[in-house]
Amino acid sequence: DFKVFDSPDQVGSGKCIDPELVQKLRLIESVTGYPIFKWINSGVRTPYWNGKVGGVANSSHKIPNCKAVDIKASSLSVRNQLVLAAKKVGFKRIGVGKTFVHLDVDSTKSQYVAWGYPSGTRPEINPFV
């Protein structure tokens, strides 16, 4: 069900989500036992929605890329487990927020990187160092 990936302002937009991203999210779910697809708080974004939530101009969430998700992390422990599981299943781009983890499969951007929020800050956990 691709609805979980929909931009809130465009029904059906989640259908463009990248298949590689979905496959890796399934692997994280398998590794952690967490209901990853229920914890997605941002998937595909229209340009309007991306601006509304303060996304960067070249966001991997935006249509037509559709290569990113943000996953809610209810605690520091859950967040850190998500980050480590993401690296384990092959994610090479991981954003680490206080209450969420950004994952994307955008091969046009730097690989094996982790970053914090606000943008430009160091992540509290970096699985690539």
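Hi everyone, and thanks for coming. Before anything else, please keep in mind that we are looking at a predicted model.

Let's start with the aromatic rings. A pair of aromatic rings is described by the distance of the centres and the angle of the planes. How many aromatic pairs does a search of the whole structure find? There are 6. One of them joins phenylalanine 5 and phenylalanine 37: the ring centres are 6.2 Å apart and the planes stand at 90 degrees, so we call this pair edge-to-face. Now find the two partners along the chain. Phenylalanine 5 sits in the segment before helix 1, which covers 19-32, while phenylalanine 37 belongs to the loop between helix 1 and strand 1, at 40-42, so the pair ties together parts that are 32 residues apart in sequence. Is phenylalanine 5 buried or exposed? With a relative accessible area of 2%, phenylalanine 5 is buried.

Phenylalanine 100 is part of strand 4, residues 100-104, and tyrosine 117 comes in the segment after strand 5, at 113-116, so here the pair links parts that are 17 residues apart in sequence. As for accessibility, phenylalanine 100 counts as buried at 18%, because the cut-off for buried is under 20%. Tyrosine 117 has a relative accessible area of 32% and is partly exposed.

Please remember tyrosine 117, as we meet that residue again in the largest pocket. This pocket holds about 450 Å³ of space. Which residues are closest to its centre? Out of 22 lining residues, they are Gly55, Val56, His102, Trp115 and Tyr117. Strand 1 and strand 4 each supply at least two residues of the lining, and strand 4 gives the most, with 3 residues. Sorted by class, the lining has 6 nonpolar, 11 polar and 5 charged residues.

Next, let me point you to lysine 24, in helix 1. Lysine 24 is a buried residue, with a relative accessible area of 13%. Where does its charged end sit? It is over the ring of phenylalanine 91, 5.6 Å from the ring centre. The side chain of lysine 24 also reaches the backbone oxygen of glycine 90, at 3.1 Å.

Last, the backbone. Most residues other than glycine have a negative phi, and most peptide bonds are trans. Some spots here are worth a look with that in mind. The bond from isoleucine 63 to proline 64 is cis, with omega near 10 degrees, and proline 64 is in the loop between helix 2, at 47-52, and strand 2, at 68-72. That loop also holds cysteine 66, a residue with a positive phi of about 55 degrees although it is not a glycine. Cysteine 66 counts as buried, at 0% relative accessibility.

Tyrosine 112, in the loop between strand 4 and strand 5, likewise has a positive phi of about 55 degrees without being a glycine. Tyrosine 112 counts as exposed, at 53% relative accessibility. Proline 118 is found in the segment after strand 5.

Note on methods
Residues numbered from 1 in each chain as written. Predicted model: local features only at pLDDT ≥ 70, side-chain atom pairs only at ≥ 80, totals over all residues. Heavy atoms only, no water. Phe/Tyr/Trp six-rings, centres within 6.5 Å; stacked < 30°, edge-to-face > 60°. Helix = DSSP H or I, 4+ residues; strand = E, 2+ residues; numbered from the N terminus. Buried < 20%, exposed > 50% of the residue type's maximum accessible area, 1.4 Å probe, protein only. Lys NZ or Arg CZ within 6 Å of the ring centre and 35° of its normal. 1 Å grid on protein atoms, 1.4 Å probe; cavity = no way out; pocket = protein on both sides within 12 Å on 5 of 7 lines; lining within 4 Å. Points joined across faces, edges and corners; volume = space filled by probe spheres on them. Nonpolar A, V, L, I, M, F, W, Y, C, P; charged D, E, K, R; others polar. Polar contact = N/O pair within 3.5 Å; in protein donor to acceptor, adjacent residues only side chain to side chain.
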